[in-house]
Amino acid sequence: MDNVRPTWDQYFMRMAFLAASRSNCTRRKVGAVIVKDKNVLATGYNGPPSGTVHCDVVGCIRDDLDVPSGERHELCRGLHAEQNAIIQAAVHGVSIKDAVIYVTTHPCVVCSKMLMNAQIREIIYAQGYPDELSELMLLESSISKRRFELPENEVKAMLGDFYATMPGSD
């Protein structure tokens, strides 16, 4: 890596990918970072609630039932990265009103609704997600969103062996 200082978007998106590296999901590893005034308020990654068995140990119900991405979110042991970041902010008494969330994957409809009610002002995401209702509801909301992709070689260099488990890395 050279000595070029990263932009704020690069910096926070890198943190989101780093958070994703903590995930034990067997299908998709996602990370999120909530930021306000260039300060990190909370982070999250997808996985089951604290103190419960990890998905990479017990297996994936959604895989067993051949549930496609973007459907039947209730058939999952885990919480999404955005949900865990919102929960962490709440647990620690941190307001995320008017904050920005950096997330490695576009939010699903459940997370989008939570982000709307949490009054997040902007969503910056790296990868798409097949959820038309999420797209529609975000268009109807006051949340701005934009895609910010880190170069593939940078994500691979940052995450090493973990990169091979990312969707679309084959």
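**Exercise 1.** Which pattern does the protein follow when read along the sequence?

*Solution.* The model is a predicted one. Begin with the inventory of elements: the secondary structure comes to 7 helices and 5 strands. Placed in sequence order, these elements give the pattern α-β-β-α-α-α-β-α-β-α-β-α.

**Exercise 2.** State how the radius of gyration of the protein compares with the globule rule, and describe the overall extent and burial.

*Solution.* Step one: the radius of gyration is 15 Å, and the globule rule gives 15 Å for 170 residues, so the protein is as compact as a globular protein of that length. Step two: along the principal axes, the C-alpha atoms fill a box of roughly 45 × 40 × 30 Å. Step three: 44% of the 170 residues count as buried. Step four: among contacts with a separation of 6 or more, 56% join residues 24 or more positions apart.

**Exercise 3.** Characterise the accessible surface and the charged side chains of the protein.

*Solution.* The accessible surface is about 9,400 Å², and carbon and sulfur atoms account for 51% of that area. For the charges, count 18 positive and 21 negative side chains. The centres of these two sets are 6 Å apart.

**Exercise 4.** Which residues of helix 4 are buried, and against which elements do they pack?

*Solution.* Helix 4 covers residues 81–91. Its buried residues are Ala81, Glu82, Gln83, Asn84, Ala85, Ile86 and Ala89. Their packing partners are strand 1 (31–36), strand 2 (39–45), strand 3 and helix 5. Just after helix 4, Gly93 has a positive phi of about 70°.

**Exercise 5.** Is Ser112 buried or exposed, and which residues does Ser112 touch?

*Solution.* First locate the residue: Ser112 belongs to helix 5, which runs over residues 109–117. Next apply the cut-off, under which a residue is buried below 20% relative accessible area. Ser112 has 0% relative accessibility and therefore counts as buried. Finally list the contacts, leaving out residues up to four places away in sequence: Ser112 touches Pro107, Ser134 and Leu138.

Methods. Residues are numbered from 1 along each chain as its sequence is written. This is a predicted model: local features need pLDDT of at least 70, side-chain atom pairs count only at pLDDT 80 or more; totals for chains, interfaces and linings use all residues. Side-chain values use heavy atoms; hydrogens and water are left out. Helices (H or I, at least four residues) and strands (E, at least two) are DSSP runs, numbered from the N terminus. Buried means under 20% relative accessible area, exposed over 50%, partly exposed in between (1.4 Å probe, protein chains only). Contact means heavy atoms within 4.5 Å. The radius of gyration is taken over C-alpha atoms; the globule rule is 2.2 Å times the number of residues to the power 0.38. Accessible areas come from the Shrake-Rupley method with a 1.4 Å probe; for residues, only the protein chains shown count as cover. Lys and Arg count as positive and Asp and Glu as negative; His and the chain ends are not counted. The place of a charge is taken as NZ of Lys, CZ of Arg, CG of Asp or CD of Glu.
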